[in-house]
Amino acid sequence: MIGALFAVLALASAAFGCGVPTYQPNLSRVVGGNDARQNSWPWQASLQYSSSGTWRHTCGGTLIADNWVMTAAHCISSSRTYRVYLGKYNLSATETGSVAISPETIIVHPKWDSGSVSKGNDIALIKLAKAVTLSDKIQPACLPKANSILANNVACYVTGWGRLITNGPLPEILQQGQLLVVDHATCSQPSWWGSTVKTNMVCAGGDGIISSCNGDSGGPLNCQTSGGQWEVHGVVSFGSALGCNYYRKPSVFTRVSVFNDWIEQVMATH
C-alpha cells in the first residue's frame, strides 16, 4: 500500500521529476554564503506564523510531494497559526507563481522531545490543505535511499532565509551556502560536537565561515547525486550556542534517511 502510494505520487509529479530544478542553481562557492538564483531550489518552503495580523517567517521546509512539506519538529508550536509559502524567493515581494497554503494537519515525530533537541527525531510533516500545482517555480525534492550515509567531505548546500551572521538581520532573498559533510566519527569527537550528535543526525560545515543560522531551521540540506538529482539528506536542527559559523561546531541536521519508513507511513495514513 505504501509503495503504491509513492508510485502514485511519482506519477503525479512526473512532469516535474523530483530534485531536478527547471532553473539550475549557481553552485559557485562564496565565503559566507550568497543569494540563490531565483527558483533554483523550487522545493524550498517558508513556514510562517500569524502575529498581530502579520505573517512572519519562522522556519524553512521542503516540499516532498504536492501536498506534503517536511520541516523540523522544534519549529512547531501548538499555540501558533501557520501557513506554508511555496515558490518564494524574496519574502518582501509579491511574486508570480508563489502560493501560500494552510496546513490541514501537522504531524510531529512521536519520539521528539522538545526539552532536548540533542536526542534527535527533530522532524515534522505538514499536510497541506490542498495540493499545490507543480510548476517551474514549485517542484518536490527527492528523498535519499533509506539508511544511506553521506561520505565525509561531500559538498552539500543549505538554503533558507536565516540570519546572515549571529544576531544579524534576516535576509529578504533566499540564501544558499556550501557545506562539507563531516562524518559521524569526526563530528562526535570531543573537540567537535562530542556525544551531543547521534547517528540519526548529519553534521556539515564547521569551517567557521558558512553555516545555517536562526531562521534556517527546518530547511533542507541539499545534496546532488551523480545522476544530477537533488536529494534532501538533512533537516536543519541545531547549531552552537556560541554562535553561527563557529569553528568545529558544524550545523547539525536531522538525518532524513533514518526516517523514510516513518515518512511513508505518515503520508499513507493521513
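A cavity is here a set of grid points where a 1.4 Å probe fits but cannot get out, and its lining residues have an atom within 4 Å of a point. In the present model, which is predicted, the largest cavity is lined by Q38, N39, S40, W41, P42, Q44, G87, K88, Y89, K137 and L174. The volume of this largest cavity is about 50 Å³, and the count of cavities of 30 Å³ or more comes to one. Grouped by class, the lining comprises five polar, four nonpolar and two charged residues.

One of the lining residues, Q44, belongs to strand β2, which spans residues 44-51. Strand β2 pairs with β3 in the antiparallel sense, and eight bridges join the two strands. Within this pairing, L47 has C59 of β3 as its bridge partner. The two strands form a hairpin with two residues between them. In the turn of this hairpin, S52 adopts a positive phi of about 55 degrees.

Strand β3 also pairs with β4 (residues 68-71), again in the antiparallel sense, over three bridges. Here L63 stands opposite V69 of β4. As with β2 and β3, two residues lie between β3 and β4, and these strands form a hairpin.

The burial of strand β3 was examined with a threshold of under 20% relative accessible area. Of the twelve residues of β3 (residues 54-65), nine are buried, and the strand is therefore largely enclosed by the rest of the structure.

Conventions
Residues numbered from 1 in each chain as written. Predicted model: local features only at pLDDT ≥ 70, side-chain atom pairs only at ≥ 80, totals over all residues. Heavy atoms only, no water. 1 Å grid on protein atoms, 1.4 Å probe; cavity = no way out; pocket = protein on both sides within 12 Å on 5 of 7 lines; lining within 4 Å. Points joined across faces, edges and corners; volume = space filled by probe spheres on them. Nonpolar A, V, L, I, M, F, W, Y, C, P; charged D, E, K, R; others polar. Buried < 20%, exposed > 50% of the residue type's maximum accessible area, 1.4 Å probe, protein only. Helix = DSSP H or I, 4+ residues; strand = E, 2+ residues; numbered from the N terminus. Pairing = 2+ DSSP bridges.
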